[in-house]
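Look at the model below and follow the chain as the paragraphs take up helices and then strands.

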Amino acid sequence: MKALELFRFIYSDKAKLNADNVMQLLYLSKKYMLPTLAEKCSAFLKKNLNALNVFHILPDAQKYEEKDLTNQCWKLIETETEEAVKSESFVTVERSALEELVEKNSLNIKEVELFKAIDYWAEKECEKQGLLAEGSVKRRVLGERVVQGIRFPVMEEREFADFVLDSEILTPRETNRLVKYFNSVLNDPVGFPDAKRGGHKFVVSRFRSLGRGWRSLLPDCICFEVDKDIHQHAIQLFGSDNSEHSVTLEVFDHNIGETVRRQEGIFLSRQINCEIGDHQGFDIVFVPSIAIKANRRYLISVTIAGPPSWYGTNGCFTVEHSGVTFHFYSVSRPTSCEKGQISKFVFTLD
């Protein structure tokens, strides 16, 4: 079947790509120097990239030097770290991917959860090699670059005691120094980075159910305010299956009467798996993040050009997450608090 699709492309410039054949066709496109087919394969993978398959796609993206696809993989991993490292595909990656992972500053996961995922990877790797999964063996399998990249000092002492000590990956001397550090006997935990990663990102979802067929010629708008200072890193919008959307976004601060952020771009929808159901959507990332001040009202306005999309229903007027309360206010139709396009808010605490 894969050879059939290769010949189909050679003779018709078309190929029927799916999850079962795309990787092999990407390999064949590189082997036989067919750049257009490689672009089609890469575009297919980008559209279908999600937290559950990203560690399956990343190694091939790197192997075949698909830089844009590789960058998109890492961007997704940094945004949805916890779900990605808990996926089945994570335990299949090479150690080099772990080395890259632990050195990134902006992972969206608590350090203890990252450690648990890496420890589990080590257990599975020992099993694969027929080794006894004890502390010193797991450490050898992981390698010093991975172990030294884990930020043990930023964990809570209870987390360290409950999960790290029992793994026996650390030496007695390292354990002793970290225990002293947690109890303020030492000021410097030699050997491990003590800087927090870019801040654990939280995701607020406005809706509790889904609909399909949203299209508007007017901007989709929502007003909101929070009761504590935060940094907003992204918003998530609903999208259409395997489609591109041209978006113009503005964030307006009513208190100062100014637009504090304006962004434009073309975004590819991807599969999103979440508590309200599987659907298509895409993120608009704010670099740098937007400083959102407490008790100020902000307006988000997005103009979206593209095919009819998914949308949210059964919306919330008030959402509390991680000690921060969001209040949402309807501005005008079509989007309102009850239903609309603007799906999720990604933020860190100030």
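Helices (H or I, at least four residues) and strands (E, at least two) are DSSP runs numbered from the N terminus. The UniProt annotation "domain: BACK", from an unreviewed entry, covers residues 54–165; such annotations may be inferred rather than shown by experiment, and their positions are given in the numbering used here, with feature names shortened. This is a predicted model, in which local features need pLDDT of at least 70 and side-chain atom pairs count only at pLDDT 80 or more, while totals for chains, interfaces and linings use all residues. Residues are numbered from 1 along each chain as its sequence is written, and side-chain values use heavy atoms, with hydrogens and water left out.

Two packed helices are described by the angle between their axes and the distance between the axes. Axes are lines fitted to C-alpha atoms, for helices over the stretch in contact, and angles run from 0 to 180 degrees between N-to-C directions. Helix H4 (residues 54–63) and helix H5 (residues 67–79) have axes that come within 9 Å and cross at roughly 150°. H4 and H5 are therefore roughly antiparallel to each other (angles under 35 degrees count as roughly parallel, over 145 as roughly antiparallel, 65 to 115 as roughly perpendicular and the rest as oblique). On the H4 side the contact (heavy atoms within 4.5 Å) includes Val 54, Phe 55 and Ile 57, and on the H5 side it includes Leu 69, Thr 70 and Trp 74.

Next come helix H11 (residues 157–167) and helix H12 (residues 172–182), which pack at an angle of about 165° with their axes 10 Å apart. That angle makes H11 roughly antiparallel to H12. Glu 157, Phe 160 and Leu 165 in H11 meet Thr 175, Leu 178, Val 179 and Phe 182 in H12.

Now turn to the strands. An open sheet is formed by 5 strands in the order S1-S13-S4-S8-S7, with antiparallel pairing; two strands pair if DSSP finds at least two bridges between them. At the edges are strand S1 (202–205) and strand S7 (270–272), each pairing on one side only. S7 pairs with strand S8 (residues 279–292) in the antiparallel sense over 3 bridges, and Arg 270 stands opposite Gly 281 in S8.

Strand S11 (residues 318–321) and strand S12 (residues 324–329) also pair in the antiparallel sense, over 4 bridges. Glu 320 has Thr 325 in S12 as its bridge partner. S11 and S12 form a hairpin with 2 residues between them, and Ser 322 in the turn has a positive phi of about 55°.
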